Amino acid sequence: MPKNLRYDGRTSWLSFKQKFDSYRKVYKWSDHECRDYLNWCLEGKALDDLTIETRMGESFSFRDIMRKMEGRFGSKELPETSRAKFQQATQQPGESLEDWADRVLTLATPAFRDLPDQFGQREAVSRFCQGCIDREAGKHACFELPRTIQHALDLVRHHQYVSQVVDGKKARKYDQEVTVNAVQSPADVRMESLEKAIDQLTCKFEASLASNSPTNNKDRKFP
């Protein structure tokens, strides 16, 4: 456990969250371990708020706890500003679906903190689908009307898998057709046709020279 990984509710929550996420990814903590380590890192009013909000119940996942802490200590702006950031958010190049889902939920917490949780959850699902880089997969997930972020994420992944399988078969079929066409018209056949054309042109040229020779045209001059 890093000694400098502490948060008391008075310093920057975003700085602590970034450092905690870095340790979590490097050491590959499980969800249960993340909850334990977070509990050990907090102190002061941050620990009091965690105890009151979650009552340290096992029903709360690490992501749920982090969203509650984000809404309590990470939001220092007006709800209108938070909602504008939420509506403009899109998945960034190189950002995984899991990270994009986490970011949507993190943005939804301060944006809809004064509204029921069900409304915020519904808006987060809609923003997740509409902001996906894969537009077709996101549209497919929207049509299925998912109720949770996890359900929407599963729908997007399933659509991407099916599309990859179908498009892969089409690509292989196209490659086979190109190969067959290449066998039917190889380079040596084209070279043989070119040689025949040159021979015919040479014969015509020689015949033209013979017909225009001085013996056949004594009174005419040719260059």
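Helices, which DSSP assigns as runs of H or I with at least four residues, and strands, which are runs of E with at least two, are numbered from the N terminus. This is a predicted model, in which local features need pLDDT of at least 70 and side-chain atom pairs count only at pLDDT 80 or more, while totals for chains, interfaces and linings use all residues. Residues are numbered from 1 along each chain as its sequence is written, and side-chain values use heavy atoms, with hydrogens and water left out.

We can begin with helix α1, which covers residues 13-27 and holds both Arg24 and Asp21, three residues apart, or about one turn of the helix. These two residues form a salt bridge, with their closest N and O atoms 3.5 Å apart; the term stands for a side-chain nitrogen of Lys or Arg within 4 Å of a carboxyl oxygen of Asp or Glu. Asp21 is buried because its relative accessible area is 16%, whereas Arg24, at 22%, is partly exposed; here buried means under 20% relative accessible area, exposed means over 50%, and partly exposed lies in between, with a 1.4 Å probe and protein chains only. Together with Lys17, Asp21 and Arg24 are linked in a network of salt bridges.

The structure holds nine salt bridges, and another of them joins Asp31 to Arg35, where the closest N and O atoms are 3.7 Å apart. Both residues lie in helix α2 (residues 31-41), four residues apart, which is about one turn of the helix. Asp31 has a relative accessible area of 37% and is therefore partly exposed, while Arg35, at 13%, counts as buried. In helix α8, Lys139 and Glu136 are three residues apart, so about one helical turn separates them, and their salt bridge has its closest N and O atoms 3.7 Å apart. Lys139 is partly exposed at 41%, and Glu136 is partly exposed at 46%.

From charged pairs we turn to nonpolar side chains. In soluble globular proteins, nonpolar side chains tend to be buried together. A nonpolar core is a set of buried Ala, Val, Leu, Ile, Met, Phe, Trp, Tyr and Cys residues joined through side-chain atoms within 4.5 Å. The largest such core in this model has 22 residues, of which Phe128, Ile149 and Val156 touch the most other members. Two or more residues come from each of α6 (97-111), α7 (117-130), α8 (135-143) and α9, and α6 gives the most, with seven residues. Phe128 touches, among others, Trp100, Val104, Ile149 and Val156, leaving aside residues up to four places away in sequence; contact here means heavy atoms within 4.5 Å. A second, separate core of 18 residues includes Leu5, Leu42, Ile65 and Met66.

Val166 has its place in helix α9, residues 149-184, and counts as partly exposed because its relative accessibility is 38%.

The cysteines complete the tour. How many disulfides does a search of the whole structure find? The search finds zero, where a disulfide is a pair of cysteine sulfur atoms within 2.5 Å. Cys34 is buried because its relative accessible area is 2%, and Cys41, with 0%, is buried too.
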